Amino acid sequence: MTTHRRMLATVCFGLSIALMTMQQATAQSVEQFYKGRTITMLVGTSPGGINDISARLAARHFGRFVPGNPAIVVQNNPGAGGLVTANRLYHNVEKDGTVLAKVERAVPQLAIQGHPNAQFDPMKFIWLGSLSSYADDAYLLAINAGNPIKSIDEIRPGGKSLNLGADSSASSNLIFAVIAKEILGLNINIVRGYTGAATMFLAMQRGEIDGQYVGLSSIKSGQRDLWNRKAFRMLMAFGRTTRHPDFPNIPIGRDMAKDANALALIDFAELPFFIALPFAGPPGVPLDRAKALQAAFMAMCRDQAFIEDAQKIGIDMSPVDGEGVLNMLAKVAATPKDIVARYNAIGGEKK
């Protein structure tokens, strides 16, 4: 056999092996693929906050509902309020269904707004769903109970001021602190540089800051002892269209909006709350595995043991499926450009 023929035979043999491997992979069922494997669950924030707590809650149960019962491990990957994790999930992980992420709720909206550091298309993620649609939650302005300020009226123009902690431009705590300051006109000084609610609760205890914007479920799940000791006073809430039944005497942001433009901006800013605790996979996950993961997520959300575990740690369980997440993102994308432009003008790095 000539050298040319030997080379041709070798190439053909290699192609045959590759084709057989592809066929075997294609023929492999979802259960066969996941059996004995581990799924990594990325979290875009530091340990201790609601994103981390909800990811670890899901990790304890999710594998029971995925065919093959894979193990689930949580990996914290903080940075830029969750943008680092979203970019990584989109570009730099295996696309085989072995890497998922608990995505910070405001991150998909940032991409739709055109944030320069959001290097992904949120409509292309494989959305598993969201644990919460904020049905029994609220995004509260929580200050230390020992603070002399008793009501939101005391920090209106001409009154006293509060020092509030905040994370980066992608985080809800900064976004709503800026809205409260710039749109509602409250006397707020924003202290940046913290990495999640847990670090800000420590800063509150040390007296570095007076308070923060934070979810009710985040307080109940991450600061249960302080919550039970009534260590916080709530002054107002975002993330709701009506006042929370547990806080009937504190106003919501919509009550405080000065005009239709302010109300429209708050409505846009609050949209991510209705997919409050979303989970996603990267684009390109094989269709059968993607569907199995989505089905497993919703089965988990209906499971009584999971619901009881969530209730014990104070997480609002009002789940939304993957299609519901996409529908909400479509609503975000349909927001009039002038409202988005105004939102961008008051946001993040500019204040």
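1. Strand 8 (211–215) makes the largest contribution to the lining of the largest cavity, with four residues. Helix 3 (50–61), helix 6 (172–182), helix 7 (197–206) and helix 8 (216–222) also supply at least two residues each. Helices (H or I, at least four residues) and strands (E, at least two) are DSSP runs, numbered from the N terminus. A cavity is a set of points, on a 1 Å grid over the protein atoms alone, where a 1.4 Å probe fits but cannot get out; lining residues have an atom within 4 Å of a point.

2. The model is predicted: local features need pLDDT of at least 70 and side-chain atom pairs count only at pLDDT 80 or more, while totals for chains, interfaces and linings use all residues. Residues are numbered from 1 along each chain as its sequence is written, and side-chain values use heavy atoms, with hydrogens and water left out.

3. The largest cavity holds about 310 Å³ of space; a volume is the space filled by probe spheres set on the points, which are joined across faces, edges and corners. It is lined by 31 residues, of which Ile50, Asn51, Glu104, Asn173 and Ala197 are the closest to its centre. By class, the lining has ten nonpolar, 16 polar and five charged residues. Here Ala, Val, Leu, Ile, Met, Phe, Trp, Tyr, Cys and Pro count as nonpolar, Asp, Glu, Lys and Arg as charged, and the others, Gly among them, as polar.

4. There are two cavities of 30 Å³ or more.

5. Helix 9 (224–228) and strand 9 (232–238) each give two or more residues, and helix 9 has the largest share, three.

6. An open sheet of six strands has the order 2-1-3-10-4-11, with mixed pairing; two strands pair if DSSP finds at least two bridges between them. Strand 2 (71–76) and strand 11 (320–321) are the edges, each pairing on one side only. Strand 4 (residues 126–130) and strand 10 (residues 278–281) run antiparallel, joined by four bridges. Within this pair, Trp127 stands opposite Ala280 in strand 10.

Key: On a 1 Å grid over the protein atoms alone, a cavity is a set of points where a 1.4 Å probe fits but cannot get out, and a pocket is an open set with protein on both sides within 12 Å along at least five of seven lines; lining residues have an atom within 4 Å of a point.
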